[in-house]
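The sequence and the structure come next.

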Amino acid sequence: GVLTTPSVTQTILRSTDTIYKPEGEQVNIGVNLTLSTTLVRTYKDEVLVQTLFSGGVATDSSDIIRYFTTSTADIDTVLITQGGVDRQTINVVDVCEHKYTPVRVTFVNKFGAMEDVWFFKASKEALTTKNEKYTANLIAVGTYATNRRQNVIYDKNGTQTITLNSGYYDESYNEVFKQLSLSESVWLKASDGQIQPINIKSSSLQYKTKLNDKLINYTIDAEYASSTINNVR
C-alpha cells in the first residue's frame with residue numbers, strides 16, 4: 001500500500017546501540033527508510049568496509065523496514081546517515097567463546113522489526129513425551145491370547161524444550177531481553193542451521209555480584225513450536 005506519515009522515528013529498529021556477536025558471524029539489522037535519503041555503511045577501525053545501501057525515502061508500506069546483512073564479519077561499526085546527517089551508530093563487539101556453541105535467537109521487537117540476540121553460554125535440550133492408551137480385547141478368534149498387548153499406546157508424540165543462557169551482557173540489554181520475553185514471534189537457529197520457531201515458557205534475569213559491573217545474565221526456557229512428530233492431519 002501507499003505509505004503516508006511514518007509513525008516510528010527510530011533509524012535502526014533495535015533498542016540498543018551495541019551488537020554483541022560471536023567472532024565470524026555477520027550482522028543483521030533492520031533500518032527505517034521512511035525518514036529521508038539513507039546511507040548504510042560499515043567500518044573497521046574507522047576505515048570504510050562496505051556501503052550496504054544508498055537510496056531514497058520509502059514510498060510503499062512494504063519498504064518501511066529494509067533488512068541488511070553485512071558481507072563480512074570483521075567490522076566494528078555500522079553507521080546510518082539520513083538526509084546527509086549521521087543519525088545513528090551501532091557498535092559491533094565480537095565475543096570470543098571457546099567452551100560453548102553460541103545460539104542465535106531472533107524475535108520481533110517493539111518496532112515490528114526482527115532483531116537478533118546471541119546466547120553465548122551453556123544450552124540444554126530435553127524431550128518430553130506424551131501419549132494416549134486404551135485397553136485392548138485379549139480374545140482372539142474365541143481364544144484368550146496371552147501374547148497380545150492389553151494396554152495399547154497410540155498418538156505418541158513429544159515436545160522438545162531448550163534452556164538458553166546469554167552469558168553476561170551490559171545492563172543496557174535489559175530492554176532487549178524484556179522485548180524478547182514479551183514477543184509472540186521468536187525463532188532459534190538450530191545447530192544444524194535450520195530456523196525453528198519457539199515459544200518462551202519462562203525467563204529470568206540475574207545480576208552479576210559486583211554492583212559496579214552492572215552486568216546481567218539472562219536465561220530462557222523455551223519449547224519448539226512444532227511437535228517432534230507432525231500431528232496435523
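Setting aside neighbours within four places in sequence, Phe119 is in contact with Pro102, Val103, Val105, Leu164, Asn165, Ser166, Phe177, Leu180, Tyr218 and Ile220. The model shown is predicted.

**Nonpolar cores**

Phe119 belongs to the largest nonpolar core, which has 23 residues. Along with Phe119, the residues with the most contacts inside this core are Val117, Leu164, Tyr169, Phe177, Leu180 and Leu188. At least two core residues come from each of strand E8 (103–108), strand E9 (114–119), strand E13 (151–170), helix H1 (174–182), strand E14 (186–189) and strand E16 (215–224). E16 gives the most, with 5 residues. Another core, of 16 residues, lies apart from this one and includes Ile12, Leu33, Phe53 and Ile90. In soluble globular proteins, nonpolar side chains tend to be buried together.

**Aromatic pairs**

The whole structure holds 9 aromatic pairs. Two of them, which share Tyr169, are set out below.

| Pair | Centre to centre | Angle between planes | Type |
|---|---|---|---|
| Tyr169 and Tyr173 | 4.6 Å | 35 degrees | tilted |
| Tyr169 and Phe177 | 5.4 Å | 85 degrees | edge-to-face |

The pair of Tyr169 and Phe177 counts as edge-to-face because its planes stand at 85 degrees, and the cut-off for that type is over 60. Tyr169 and Tyr173 are both buried, and Phe177 is buried as well.

**An open sheet**

An open sheet of 5 strands runs in the order E1-E7-E6-E3-E4, and its pairing is mixed. Strand E1 (18–22) and strand E4 (47–55) are at the edges with a single partner strand each, so one side of each has no neighbour in the sheet. On average, and with direction ignored, neighbouring strands of this sheet are turned by 20 degrees against each other. E3 and E4 pair in the antiparallel sense, over 7 bridges. Leu39 stands opposite Ser54 in E4.

**Thr38**

Which strand holds Thr38? Thr38 is in strand E3, which covers residues 38–44. Thr38 is buried, because its relative accessible area is 0%, and the cut-off for buried is under 20%. The side chains of Thr38 and Gln82 are joined by a polar contact of 2.8 Å. Not counting residues up to four places away in sequence, Thr38 touches Val31, Asn32, Leu33, Phe53, Ser54, Gly55, Ile80, Thr81 and Gln82. Of these, Leu33 and Phe53 are among the residues of the core of 16 residues.

Methods
Residues numbered from 1 in each chain as written. Predicted model: local features only at pLDDT ≥ 70, side-chain atom pairs only at ≥ 80, totals over all residues. Heavy atoms only, no water. Helix = DSSP H or I, 4+ residues; strand = E, 2+ residues; numbered from the N terminus. Buried < 20%, exposed > 50% of the residue type's maximum accessible area, 1.4 Å probe, protein only. Polar contact = N/O pair within 3.5 Å; in protein donor to acceptor, adjacent residues only side chain to side chain. Contact = heavy atoms within 4.5 Å. Pairing = 2+ DSSP bridges. Axes fitted to C-alpha atoms, helices over the stretch in contact; angles between N-to-C directions. Phe/Tyr/Trp six-rings, centres within 6.5 Å; stacked < 30°, edge-to-face > 60°. Core = buried A, V, L, I, M, F, W, Y, C linked by side-chain atoms within 4.5 Å.
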